[in-house]
Amino acid sequence: MSGEARTDVEAVEAANAALYEAVERGDIDALADYWLNDDVSVVHPGWPVLNGRDEVMRSYALIMANTEYIQFFLTDVEVSVLGDTAVVTCTENILSGGPAEADGSAGPLIGGLVVATNVFRRDEDGRWRVWAHHGSPILVEEDDEDEDGDGIGGVDGMDPEGGTLL
């Protein structure tokens, strides 16, 4: 691998990490800076395709407003760069929490797994910015029987009503 290609891979890895860190901090302005200004799209687990910068940023603002705590542990990160386009695949090991309890104690924490593809494009200023993000929940069978006794447990990354974490 050439020195230039390795530099691009490292730059894309850093941009990918910064994207997740902005979500963890709930910093919508920083997050917006990591996205291209045109023709972007996102698919959050269980959501329809959202197209256009305004729609994508609104979706993240909604997620951030309704998530008290979120942390991503990225595993299986693979980066491929071809010219001014890069693809990152990874597993998002997500730990998130709801609002604090009435007594002030921390709300419940929920874990989930999402496989994600992030497509980056090198912008005119030379920075790698997100062009598209697609996340799909990983269906994980639980060993314990559920309340019905049928042995089919819940799905990590989904709440009991079928919604998704991110």
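## Strand pairing in the sheet

Two strands are said to pair if DSSP finds at least two bridges between them. In this predicted model, β4 and β5 meet that condition, since they pair in the antiparallel sense over 13 bridges. Within this pair, G97 stands opposite L109 in β5. The strand β5 also pairs with β6, again in the antiparallel sense, over nine bridges. Here V119 stands opposite A132 in β6.

These strands belong to an open sheet of six strands, arranged in the order β2-β1-β6-β5-β4-β3 with mixed pairing. At the edges stand β2 (50-51) and β3; each has a single partner strand, so one side of each is left without a neighbour in the sheet. As a general point, strands of a sheet pair through backbone hydrogen bonds, either parallel or antiparallel.

## Overall architecture

The chain contains three helices and six strands. Read from the N terminus on, its elements run α-α-β-β-α-β-β-β-β. Among contacts between residues at least 6 apart in sequence, 50% join residues at least 24 apart.

Of the 166 residues of the chain, 33% count as buried. The accessible surface comes to about 9,400 Å², and 51% of this area belongs to carbon and sulfur atoms.

## The nonpolar core

The largest nonpolar core has 31 residues. Those with the most contacts inside this core are V23, L31, W35, V56, Y60 and F120. At least two core residues are supplied by each of α1 (3-25), α2 (28-33), α3 (53-65), β3 (69-82), β4 (85-97), β5 (109-122) and β6 (128-137). The helix α1 gives the most to this core, with seven residues.

What does V56 touch, not counting residues up to four places away in sequence? Its partners are W35, V40, S41, V42 and L50.

## The hairpin of β5 and β6

The strands β5 and β6 form a hairpin with five residues between them. In the turn, G126 has a positive phi of about 90°.

D123 is placed in the loop between these two strands. Is D123 buried or exposed? Its relative accessible area is 14%, and residues under 20% count as buried, so D123 is buried. The side chains of D123 and R129 are joined by a polar contact of 3.1 Å. Leaving aside neighbours within four places in sequence, D123 is in contact with L36 as well as R129.

N66 counts as exposed because its relative accessibility is 55%, and the cut-off for exposed residues is over 50%.

The side chain of N66 reaches the backbone oxygen of L62 at 2.8 Å. Which distance separates the C-alpha atoms of N66 and G98, 32 residues apart along the chain? The separation of these two atoms is 7.7 Å.

## Confidence of the prediction

The chain averages a pLDDT of 85, and 81% of the residues score at least 70. Over residues 148-165, however, the pLDDT is below 50. Beyond near neighbours in sequence, this stretch has 34 contacts in the model.

Key. Residues are numbered from 1 along each chain as its sequence is written. This is a predicted model: local features need pLDDT of at least 70, side-chain atom pairs count only at pLDDT 80 or more; totals for chains, interfaces and linings use all residues. Side-chain values use heavy atoms; hydrogens and water are left out. A nonpolar core is a set of buried Ala, Val, Leu, Ile, Met, Phe, Trp, Tyr and Cys residues joined through side-chain atoms within 4.5 Å. Buried means under 20% relative accessible area, exposed over 50%, partly exposed in between (1.4 Å probe, protein chains only). Helices (H or I, at least four residues) and strands (E, at least two) are DSSP runs, numbered from the N terminus. Contact means heavy atoms within 4.5 Å. A polar contact is a pair of N or O atoms within 3.5 Å; within protein, one must be able to donate a hydrogen and the other to accept it, and residues adjacent in sequence count only if both atoms are side-chain atoms. pLDDT is the predictor's confidence in each residue, from 0 to 100. Accessible areas come from the Shrake-Rupley method with a 1.4 Å probe; for residues, only the protein chains shown count as cover.
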